[in-house]
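These are my notebook entries on a structure I examined entry by entry. I set down what I looked up and what I found.

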Amino acid sequence: MKKTTEIELTDKGVNYISGEQNRDFFVMPDIGAEIAKIEQQNPEIEEEAELKEELFKDFTVKSERIHTMSQLLKAYTLFEKDVEYVVIDNKVMIVDEQTGRIMDGRRYSDGLHQAIEAKENVKIEALTQTFATVTLQNYFRMYSKLAGMTGTAITEAGEFWEIYKLDVVEIPTNRPIARDDRNDLIYKTKREKYNAIIDEVTKLSQAGRPVLIGTTSVEISELLSKLLSVRKVPHNVLNAKLHKKEADVVADAGNPGVVTIATNMAGRGTDIKLTPDVKKAGGLAIIGTERHDSRRVDRQLRGRSGRQGDPGSSQFYVSLEDNLMRLFGSDRVAKMMDKMGLEEGEVIQHSMMTKSIERAREKVEENNFGVRKRLLEYDDVMNAQREVVYKRRRHALQGERLKVDIANMVYDTCEVIVEGNKAANDYKNFEFELIKYFSMTSPVSEEEFGKLSAQEITGRVYKAGYDHYKEKMERNAATALPVIKKVYEDNANNFERIVVPFTDGVKTLNVVTNLQEAYESDGKQLVTDFEKNISLAIIDDSWKTHLRKMDELKQSVQLAVHEQKDPLLIYKFEAFELFKAMIEKVNKEIVSFLFKGELPSGNPNDIREARNVPRKKENIQTSKEEIPNSDELAARNRAAGQTQRQRPAVTETIVREQPKIGRNEKVTIKNVMSGESKTLKYKQAEPLISKGDWVLIQD
Amino acid sequence: MSIINSILKAFVGDKSKKDVKELQPLVDQIKSFESEFEKLSHDELRNKTLYFKQTIKDSYKDITDKITELEMEVQESNDIDKNEDIYTEIDKLKEEAYKLSEETLNKILPEAFAVVKETAKRFAANETLTVAATENDRKLSGEKDYVSLEGDNAVWKNSWDAAGKQVTWDMVHYDVQLIGGIALHQGKIAEMQTGEGKTLVATLPLYLNALTGNGAHLVTVNDYLAKRDSAWMAPIFEFHGLSVDCIDHHRPNSDGRRAAYNADITYGTNNEFGFDYLRDNMAHTPKDLVQRPHNYAIVDEVDSVLVDDARTPLIISRSVPEGDRHEFNELKPKVSEIVQKQRQHLTGVLAEAKKLIAEGNSKEGGFLLLRVYRGLPKNKAFIKFLSEEGVKQLLQKTENFYMQDNNREMPKVDEDLLFVIDEKNNRDRAY
């Protein structure tokens, strides 16, 4: 909601705020008119460039100011303390709209958070800026060869193949599995289920068998712990992620009669080893207190028993009140149970039941896969962009291939300038831009500019530009050399690396270079390092800004749903546009600095020693959002599933009104965009309809 | 799914059985070396590694030479277009070299796996192994308790400290573990049941792939496992002159971290691998880089990493000082003032609107109501009034009227306001 809200001052508001003395405080310059004004004065071409720069600067400052104003207005009018946010310990914290929970560590973007901080008179925190980000999935995809190990992958084999092109091979066990996997025991209510579990655990423990109880949540672990305490059955509970200690408790879990309660993910990677006595008594007994949404998690629990051909057993307990059963397929199971005439407290154990639960879970898994795949598609966009930028960065860092990249940047910039101005047939602006970016006059006359094709002009400009660049770099080396010589030959200076300031007239960037190498290469090394440092600084800076924009884009496209559009499609399109603009900007900035950059003076005192400062670490934070384990994810999905259920879905009603269609029946569908109609089998039409571009037409 | 599965099985057979059957000949080949290798002295067994390494290098020697040649050419040339072509050519050659080395690895797989298995056997059967001391043995004898020097010989013990726990080597690879190792070498996911010794299985492909010298990574879910497994398995590799390290022992950006990546075999946690990649892409000199090109990785608990953890990104961020960019404090008093002024004014407007609507003048009343809405949509009295019957509809109707023709009439509504709040799209939520 906050995203689409726009707040603007009216003319009346602007007047009110600016007061008498400062009328232009908020008034954006009219770029077009101002440019025309400058051109009318007919100044020297260099002066004209300067005046226009000035104009653009004014524009930037004002637009920042108006943005700040607008965020402050939002903070004052749309965000209420203790509703949208709270103030705790002098910090503004966001309250989650849906859950009412405080979202610690999250901040509104784009200056809004700072605006609220200003409103509440607390310290305005600095912006945290993302410098680099990657998902583990995309990190591992970079390996030339990737392999994986796990106890449970086969149920996800389709996903591994489709997304990572990883084949899953089931390795047979060394000895046959002797574990007794029993069919699920199904109860009507949770209460009956827990009672039965406690009875069974007590019996097993007394028989000298270790028992591992797997739960789907901490609450259930605690409930069972209480019930066992009542029966005076000693037991351990594993909840937290205490890696080492956890391993110890798990290692102990194989001793006679020991009962361990653990959430499903606890203790991965550690073995439960059995004593000979335990093996004789029947091995480790696994008790599952609920079927998990994902079969993989249940298999993991089950797999803790029966290692290396050891004896063991596993038994899952299910009740019709369990979330999974409530949401999926419980109607049928309940009907079946009624038919069988089940009484309170009675239990049913039947392979048909187990299968019906299995089917319900396949449905859930498919659904979850779909969600993950979609999110990965968002991530892919970013990944492709990162690869391009990091490759360039690496070239700049290593230096070797940078010269080729720079030549390409010069060419691309030429192309952009030529094409833009050729289309507008604006020779004057063309000249202006050549001065702005390349500091050179046009190699083509106005007449030629009109006659030649864009490609021909680009070729000419590129050639002139690149020659000019090479000369310029030689000149830079020559200018710097005497200074470097003086520093190097002065015995008082025992420097290894030196800092040389370069300026393009507006900003100054420091270039670090090895003194001896610079000296021995007649200043050429300095030029190489100049190219390297400038490219790195500009790439890094632009990438950071781009990351922020991409983040904002990702949030804002979600609103496209309201307009019946696919957010992913819009995201892909907009992300590409943003990226193109960023690369263009990087090219122009690097080129312009390289062409203009000069040693400010020939004074050796400007050159200092570059001390080996340890890399700047201040405030660098690494973070990964706490990953909800699959139980929590499942709980969240369930919650989401329930809210969806409450909302009457329009599409659903339409579907119900139609008679059921057989999968092989012929149907006619129509494309909503083009109006094209097709007749085909329903099973072929289904995927098209679900995409939303096609609708079913009734005959 | 289960029905489809059984139908599929009827046509193409059980996939898992088929997979395993395909790998069986390789297992037989590995075992065919067994009797031969048993007869080798410890030193002869160790020499196998040198031989493998040489075989791999030889297999793409021509390409390496050509790359060196091209690299020299590019250094001497100033022709940008030509250089670009040369770089493309170099990249292509590197890919070819990788393919050739992979082919060689496939060829030597049976023999190499047999060497690892034989090594495991010897560590399991002997308390100490005495060998002619190499440079590497001498270095290790100063660092590790399980290697000592006796004159020109080095003595390897079969008992060592694995992250706080003393272990005595007692494992030898089963046939199914060989199958698992092959699958991992082939870049697949090996599903192995708990207790089937995944840590030991990984030694086979790690050894084989480390022979190229391009690095082999084993990725775990937590640092306890990374440290334990690296210490537990290290002597098996080190015996053959391969270096083993764990990134979690060293600080980020440190020389130790870089050394760990330069080791033949590197253990570590998934997050640290990822963060090092990001840090490398923030480096300012090539000297700061710690990682090499990503060659081969085995991800432990791969389902947990690629499925459960999916899409939570690793992030490196830094607080940036605001500098002169934002003028929050400077603008704040003014904003506070005009918000206050607008509120006072609109309180009066709302009262007027209520009065008019009550009198039945819905045209004027709706107009004023819309003005309040555009001025302060979240005002409490306003929201309360909206919940009265018919008011919301009146507002909607009035707004629709003024929004016609691209807000043509809207300035009339806004003319009285200092600022306008325009809630697009999801107007419904604001009501």
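**Entry 1. Chain A overall**

How many helices and how many strands are there in chain A? I counted 24 helices and 21 strands in chain A. I note at the outset that this is a predicted model. Chain A has 699 residues, and 48% of them count as buried. I then looked at contacts in chain A between residues at least 6 apart in sequence, and 69% of these join residues at least 24 apart.

**Entry 2. Asp322(A)**

I located Asp322(A) in the loop of chain A between β14 (311-319) and α12 (323-327). Is Asp322(A) buried or exposed? Its relative accessibility is 1%, so Asp322(A) counts as buried, the cut-off for buried being under 20%. I looked up the surroundings of Asp322(A), leaving aside neighbours within four places in sequence, and found contacts with Lys190(A), Lys193(A), Glu290(A) and Tyr317(A). With Lys193(A) there is a polar contact, side chain to side chain, at 2.9 Å.

**Entry 3. Val92(A)**

I placed Val92(A) in strand β3 (residues 91-95) of chain A. Val92(A) has a relative accessible area of 6% and is buried. Not counting residues up to four places away in sequence, I listed Tyr85(A), Val86(A), Val87(A), His113(A), Ile116(A), Glu117(A) and Val122(A) as the residues that Val92(A) touches. I also checked Val92(A) against Ile435(A), which is 343 residues away along the chain. The C-alpha atoms of this pair are separated by 48 Å.

Over all chains, the salt-bridge count comes to 55. I examined two that lie within helices of chain A.

The side chains of Glu200(A) and Lys203(A) meet in a salt bridge, with N to O at 3.9 Å. Why are Glu200(A) and Lys203(A) separated by about one helical turn? The reason is that they are three residues apart in helix α7 (residues 190-206) of chain A. Glu200(A) counts as buried at 17% relative accessibility, whereas Lys203(A) counts as exposed at 56%.

The second salt bridge joins Asp467(A) and Lys463(A), whose closest N and O atoms are 3.0 Å apart. These two residues are four apart in helix α18 (residues 454-489) of chain A, and therefore about one helical turn separates them. I recorded Asp467(A) as partly exposed, with a relative accessible area of 31%. Lys463(A), with a relative accessible area of 54%, is exposed.

**Entry 4. Salt bridges in chain B**

I next looked up Asp137(B), which forms a salt bridge with Arg46(B); the closest N and O atoms are 2.5 Å apart. Asp137(B) lies in helix α7 (residues 135-143) of chain B and Arg46(B) in helix α4 (residues 42-59) of chain B, so the pair ties together parts that are 91 residues apart in sequence. Both Asp137(B) and Arg46(B) are buried.

I also recorded a network of salt bridges in which Glu34(B), Glu38(B), Lys117(B), Glu118(B), Lys121(B) and Arg122(B) are linked.

Chain B is divided into domain 1 (21-125 + 158-311) and domain 2 (328-430). I find 68 Å between the C-alpha centres of these two domains of chain B.

I then followed helix α14 (residues 328-358) of chain B, which has 31 residues. From its first C-alpha to its last it reaches 42 Å, close to the 45 Å expected at 1.5 Å a residue. Among the buried residues of α14(B) I noted Phe328(B), Leu331(B), Lys332(B), Gln342(B) and Leu356(B). Gly360(B) follows α14(B), and its phi is positive, near 95°.

Definitions and conventions
Residues numbered from 1 in each chain as written. Chains lettered and ligands numbered in written order. Predicted model: local features only at pLDDT ≥ 70, side-chain atom pairs only at ≥ 80, totals over all residues. Heavy atoms only, no water. Expected span 1.5 Å × (residues − 1). Buried < 20%, exposed > 50% of the residue type's maximum accessible area, 1.4 Å probe, protein only. Domains from an automatic or database assignment. Contact = heavy atoms within 4.5 Å. Polar contact = N/O pair within 3.5 Å; in protein donor to acceptor, adjacent residues only side chain to side chain. Salt bridge = Lys/Arg side-chain N within 4 Å of Asp/Glu carboxyl O.
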